[in-house]
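Hi,

Here is the structure I promised to pass on to you. Have a look at it first, and then read on for what turned up in it.

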Amino acid sequence: MSLLYLDNNATTQPAPQVVAAMTEVNETLWGNPSSVHRFGQMVRQRIELARAAVAKLINCKDRELIFTSGGTESNNYALRGGLGLSSPDTTGQARRVLITTKIEHAAVREPAAMFAKHGVQLIHLPVNIDGWVDPAVVTATMNEHVHAGDLAMVSVQWANNETGTIQPIAEIARAVAEIRSKLRESEAAGGRGAKSKILFHVDATQAVGKIPVDVGAAPIDLMTFAAHKFHGPKGIGALYLRTGVKLEPQNLGGPQERDRRGGTENTPGIIGMGVAAQFAQSFIDDADAIATQRELRDRFERSILAALPDTVINSIHRPRLWNTSSLGFPRLEAEAILLGLSERGLCASAGAACSSGSLEPSPVLLAMGIPEAVAHGSVRFSLSRLTTGREIDEAIKLVPQVVSKLAKTMPV
């Protein structure tokens, strides 16, 4: 039985050139890049070349990138560091406000919930049935909840990991920047120095490497992403930190990453991420290649809807990632569908891969207003640039077989 892999939002297959580069590092470039000898500095040079390749992918300066262990660490670092939380205790510190949504990845939702237990004011932006954030609502929310002297952050995902919905990030970034500017003007007019600190953080883990991401086109302060989402290795990610934005270091114990993240660098991962960034750039620059993969996704959806008319596409009226399809099969259980698909060699997931073992419906879909009967039976299928038409044809056959068989076991 061949593997039919449609779970690429969970992770992607490392590209052959990525594997080759990491093998080379492990075999011949295993020195410590912090060492002053020639061997160590040879490794350092390769790390900096990789940093340049990753920076080019998101159009930032090399020095604005911090390498981390992945998207989760990057998100935690951005939130905790941006809010000035060297520890969860905020007693006696500036008033802190975190504005986000209930449809973020758990790597944002869970830290946000923990901060709220320790004095951070947590505000959730509403989203519509497609999981879309209205920039005007961001402005209104900030006007209501953020005041002079506050330490505040707005955190919104660029593209949702479950539905693929793409947020109007540039408009939201400008809304945050406008409020920040007004507060500074107010403080200056009152004869006070600028005490407010307002940052905009974007979790771009599902966007980088799949669609054009340009941090220079919008006033984004912090942005997080991970290599394994675009055919790079696991265990390596990055945090974009706009010039002038200062974070409290979270990993102390060394001068690495310009004193912002101590610890010996993951050299194979970093160099592999650099190669993956180049691989991704070639795809993003090819509009025809993206259109071809999007048509595979659309053909898959059309075929499933034709075979199973009760199927619901979660999030269809707003721009979506070309690779993501969240399908709801009413009255069925996603776990049962996934097991049936897995027995036939098809890999998919029930929302986020890290919560696929849960029997509860996706909190993201429920927050969007998806009916519970649909959310319970929702499965995410996600393609990659390597997905073929033959694989989609096979999936078009398998999914209706599994769902129809399960539906027959349900009471009328």
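Let's start with a definition: a disulfide is a pair of cysteine sulfur atoms within 2.5 Å. By that rule, the structure holds zero disulfides. Cys 60 is buried at 12%, whereas Cys 347 is partly exposed at 24%.

Before going further, some housekeeping. This is a predicted model, where local features need pLDDT of at least 70 and side-chain atom pairs count only at pLDDT 80 or more, while totals for chains, interfaces and linings use all residues. Residues are numbered from 1 along each chain as its sequence is written, and side-chain values use heavy atoms, with hydrogens and water left out.

Now the sheet. The names I use for helices (H or I, at least four residues) and strands (E, at least two) are DSSP runs, numbered from the N terminus. Two strands pair if DSSP finds at least two bridges between them. In general, strands of a sheet pair through backbone hydrogen bonds, either parallel or antiparallel. Here, seven strands form an open sheet with mixed pairing, in the order E2-E8-E7-E6-E5-E3-E4. Its edge strands are E2 (65-68) and E4 (121-125), each of which pairs on one side only. From one strand to the next, the twist averages 20°; angles like this run from 0 to 180 degrees between N-to-C directions, with axes as lines fitted to C-alpha atoms, for helices over the stretch in contact.

- E3 (residues 96-101) and E4 are parallel and share five bridges. Ile 99 has Ile 123 in E4 as its bridge partner, and Val 97 has Gln 121 in E4.
- The chain gets from E3 to E4 through helix H4 (residues 106-116), in a right-handed β-α-β crossover. Right-handed means that, with the strands pointing away from the viewer, the path from the first strand over the helix to the second runs clockwise.
- E6 and E7 run parallel and are joined by three bridges, with Val 202 partnered by Met 223 in E7.

Why call E6 largely enclosed by the rest of the structure? Because six of its seven residues are buried.

Helix H5 (residues 135-145) lies across E3, E4, E5 and E6, and runs at about 155° to E4.

Next, the nonpolar cores. A nonpolar core is a set of buried Ala, Val, Leu, Ile, Met, Phe, Trp, Tyr and Cys residues joined through side-chain atoms within 4.5 Å. The largest one has 101 residues, and Trp 158, Met 223, Phe 329 and Phe 381 have the most contacts inside it. Helix H8 (residues 267-284) gives the most to this core, with ten residues. A second, separate core of 18 residues includes Tyr 77, Val 108, Ala 112 and Val 120. If you click on Met 223, its contacts include Ile 58, Trp 158, His 201 and Tyr 240, leaving out residues up to four places away in sequence.

Asn 59 has a positive phi, near 60°, although it is not a glycine. Asn 59 sits in the loop between helix H2 (38-58) and E2, and is partly exposed at 46%. Ser 315 is another non-glycine with a positive phi, near 80°. Ser 315 is in the loop between E9 (312-313) and E10 (324-328) and is buried, at 2%.

Finally, Ile 290 lies in helix H9 (residues 287-307) and is buried at 11%. Apart from residues up to four places away in sequence, Ile 290 touches Lys 210, Phe 283, Ile 284 and Trp 322.

Cheers

Notes:
Contact = heavy atoms within 4.5 Å. Buried < 20%, exposed > 50% of the residue type's maximum accessible area, 1.4 Å probe, protein only.
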